[in-house]
Amino acid sequence: MEKNKQKTSVQTQARDVNSKEIFKNPTLCAQFLQDNVDIPQLKQVQPEDIEDVTERYQAYLGVEFEADTVKKIRLKDENGKRENAPLYLISLIEHKSGVDYDVTMQLLRYMTCIWHEYAKEMERKKRGISRQKGFRYPPVLPIVYYEGNDSWTAPQHLRERIWRSDVFGGYVPDFRYEVVRIHDYSNQELLDRGDEMSLLMLLNRLQSPEDFHKFRSLPPEKLADILKNADPHVIKLMQDVMYSLMMKMNIPTSEASEYVKALGGKQMGYLFENMQKMDIQAERRNTAEARRQAEEAIKRADEAECRANEAEDRANEAEDRANEAEHRLAEAQKNAVSHKQESEYKAYIAACRDLNCSREETVIRLAERFQTALADDPAKAREAASQKADLYWDAEE
């Protein structure tokens, strides 16, 4: 009984599907390149030409990059023969629901890492090959997959992130990355492509009730045609995406399960027929309430941050005052020590003079007596002693 209950709980739990899971599928990745990259060699790329090598580079670049993917793609020439060097695809796909202005540097770190590792791999096969005239590094295609509603306003050239590149342009490395923004395509454009990747992009566009209404107006038979020969893993991804969407729209779990089941069985007609029952107005109200609560939480957080900043400023001021007092105390102690030392020089010179020592003899004795205080070097100590004699020889005690 408990086991069945646990199983049901797992089945009904909403799970966000990040884009990395989509891009790790070679079929979807191949379709993405065919549809979105205007390079003739990539129009014919097949799933078997794509190898995921992400983990190899994350070991060097760290967890900061764990949501991105790196693909090694074997290109083919006009005769269908594989070329010697592969193409590397970097896809920055996670956390790009907002504009990231430092994405060029993130891509550059990937590119240099890929080229470094490629040279090491070639060197293992033939020592010294990377230093030969004919050696060439493989091309790297950097892409940002962007699901945000706002326009992508970050510069797409590395040069634009370098200060005074207009003056030092010849010394600044440069490259351009591609941005694939799902909201740059209409629902119809994505549907006309007729592949699973474009259907997933359609689903990822559903971020508001209006988006959902537009999606529901698409011909279900065309969507069914896309799913007809889809791989089971791709179907599972679509089910997860759809289920996560419905949970965010507060659709009852039982209804959401039926919709997902229909998608899995490729019964798109049933899916759209029953979607009409969804309470879009309730979802809109939920969204407005959630937005209001979020704005209040942000306001409270801003007020708390302001209070924290004020407290920090007061603490910094107190620390500055304490540092100033400590500095003045140290200066006073230093001056006291200096005054005491000068008094000792003056008294010693006076004693030598009372003993009828010549000025030269007094300088010698003073330098020997106070060498450590005057200077480490004997010659410099004597020079300093001579200066003290000039100062105090005729002074009154």
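This is a predicted model: local features need pLDDT of at least 70, side-chain atom pairs count only at pLDDT 80 or more; totals for chains, interfaces and linings use all residues.
As for what is tucked away, 38% of the 397 residues in the chain count as buried. The chain is built with 16 helices and five strands. Take the contacts between residues at least 6 apart in sequence: 63% of them join residues at least 24 apart.

Now to one of those strands, β3, which covers residues 87-92. Six of its six residues are buried, so β3 is largely enclosed by the rest of the structure. Buried here means under 20% relative accessible area. In a regular strand, side chains alternate between the two faces of the sheet. In β3, Leu 87, Leu 89 and Ser 91 point one way, while Tyr 88, Ile 90 and Leu 92 point the other way. Both sets are buried, so whichever way a β3 side chain points, its residue falls under the 20% cut-off.

Which strands pair with β3? Strand β2 (residues 69-73) is one partner, and strand β4 (residues 140-146) is another. The β2 pairing runs antiparallel and is made through five bridges; within it, Val 70 has Ile 90 of β3 as its bridge partner. The β4 pairing also has five bridges, but here the strands run parallel. In this pairing, Tyr 88 sits opposite Val 140 of β4. Ile 90 and Tyr 88, the β3 residues named in these two pairings, both belong to the set that points the same way as Leu 92.

Terms used:
Residues are numbered from 1 along each chain as its sequence is written. Side-chain values use heavy atoms; hydrogens and water are left out. Helices (H or I, at least four residues) and strands (E, at least two) are DSSP runs, numbered from the N terminus. Buried means under 20% relative accessible area, exposed over 50%, partly exposed in between (1.4 Å probe, protein chains only). Contact means heavy atoms within 4.5 Å. Two strands pair if DSSP finds at least two bridges between them.
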